[in-house]
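Biologist: Please take one part of this chain and look at it closely. Walk me through the residues around it step by step, in plain words.

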Amino acid sequence: TLPPIFAAATVAIGSYNPVIRSFELAGGNTVAGRGDGRGTSGHAGFRITRRKPSFTPPVNSADITDYNPSGDWAAATQRTLDFTIGATQYNKYAIDADDMRVVDFAEEDDEGLTIVQPTYRIFTPSSGNELRITFD
């Protein structure tokens with residue numbers, strides 16, 4: 001079975017449902033080697049020492065009348081993410097986050113259409129689950 005193409009996607013950032021063509025989901029992990037002078041290789045493995053996951057969805061500027069990410073950026077407003085790609089059981093997945101905030105904001109031109117590109121940093125809420133990826 002091939003993974004789902006980027007179609008039949010549903011996206012909700014808080015109560016806003018943007019129209020997006022693509023997205024970037026980055027783990028933002030910093031990985032450090034663990035030395036072990038007792039071992040024959042002198043190496044014990046690796047450990048993630050810092051995590052800064054982020055989500056960047058380019059959004060058509062026409063959608064800004066419904067939701068303005070620059071306002072969230074200025075106010076550090078907390079949003080949730082509910083994102084499902086695919087519609088067929090066993091060939092879809094969901095990406096969910098309970099606490100994300102705009103940390104960067106850019107605008108780009110795409111054939112005369114302004115594309116607003118907010119970058120959301122995904123934080124760890126009290127539940128401890130900063131990001132959930134579920135395959136179904």
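Modeller: Start with Val 31. It sits in strand β3, which covers residues 29-35. Keep in mind that this is a predicted model.

Now to the aromatic rings. Two rings count as a pair when their centres lie within 6.5 Å. By this rule, there are seven aromatic pairs. Take Phe 6 and Phe 23. Their ring centres are 5.6 Å apart, and their planes meet at 50°, so this pair is tilted. Where do the two partners lie? Phe 6 is in the segment before β1, while Phe 23 is in the loop between β1 and β2. The pair therefore ties together parts that are 17 residues apart in sequence. How open are these two residues? Phe 6 has a relative accessibility of 33%, so it counts as partly exposed. Phe 23 is partly exposed as well, at 24%.

Phe 6 also pairs with Phe 83. Here the centres are 6.2 Å apart and the planes stand at 90°, so this pair is edge-to-face. Phe 83 belongs to strand β7, residues 79-85. Phe 6 and Phe 83 are 77 residues apart, so the pair links distant parts of the chain. Is Phe 83 buried or exposed? Phe 83 is buried, because its relative accessibility is 1% and the cut-off for buried is under 20%.

Next, Ser 54. This residue lies in strand β5, residues 54-56. Ser 54 is buried, because its relative accessible area is 14%. Which residues does Ser 54 touch, if those up to four places away in sequence are not counted? They are Glu 24, Leu 25, Ala 26, Thr 119, Tyr 120, Arg 121 and Ile 122.

Asn 17 gives another view. It is in the loop between β1 (10-13) and β2 (24-26). Asn 17 is exposed, because its relative accessibility is 54% and exposed means over 50%. Set aside its neighbours within four places in sequence, and Asn 17 is in contact with Val 11 and Ala 12. Its side chain reaches the backbone oxygen of Val 11 at 3.0 Å. Asn 17 can also be set against Asp 82. The two are 65 residues apart along the chain, yet their C-alpha atoms are separated by 9.6 Å.

Last, the backbone angles. Most residues other than glycine have a negative phi. Ala 76 has a positive one, near 55°. Ala 76 lies in the loop between α1 (69-75) and β7. With 45% relative accessibility, Ala 76 counts as partly exposed. Tyr 90 also has a positive phi, near 70°. Tyr 90 is in the loop between β7 and β8 (93-110). What about its surface? Tyr 90 is exposed, because its relative accessible area is 66%.

How values were computed. Residues are numbered from 1 along each chain as its sequence is written. This is a predicted model: local features need pLDDT of at least 70, side-chain atom pairs count only at pLDDT 80 or more; totals for chains, interfaces and linings use all residues. Side-chain values use heavy atoms; hydrogens and water are left out. Helices (H or I, at least four residues) and strands (E, at least two) are DSSP runs, numbered from the N terminus. Buried means under 20% relative accessible area, exposed over 50%, partly exposed in between (1.4 Å probe, protein chains only). Contact means heavy atoms within 4.5 Å. A polar contact is a pair of N or O atoms within 3.5 Å; within protein, one must be able to donate a hydrogen and the other to accept it, and residues adjacent in sequence count only if both atoms are side-chain atoms. Rings of Phe, Tyr and Trp (its six-membered ring) pair if their centres lie within 6.5 Å; planes under 30 degrees apart count as stacked, over 60 as edge-to-face and the rest as tilted.
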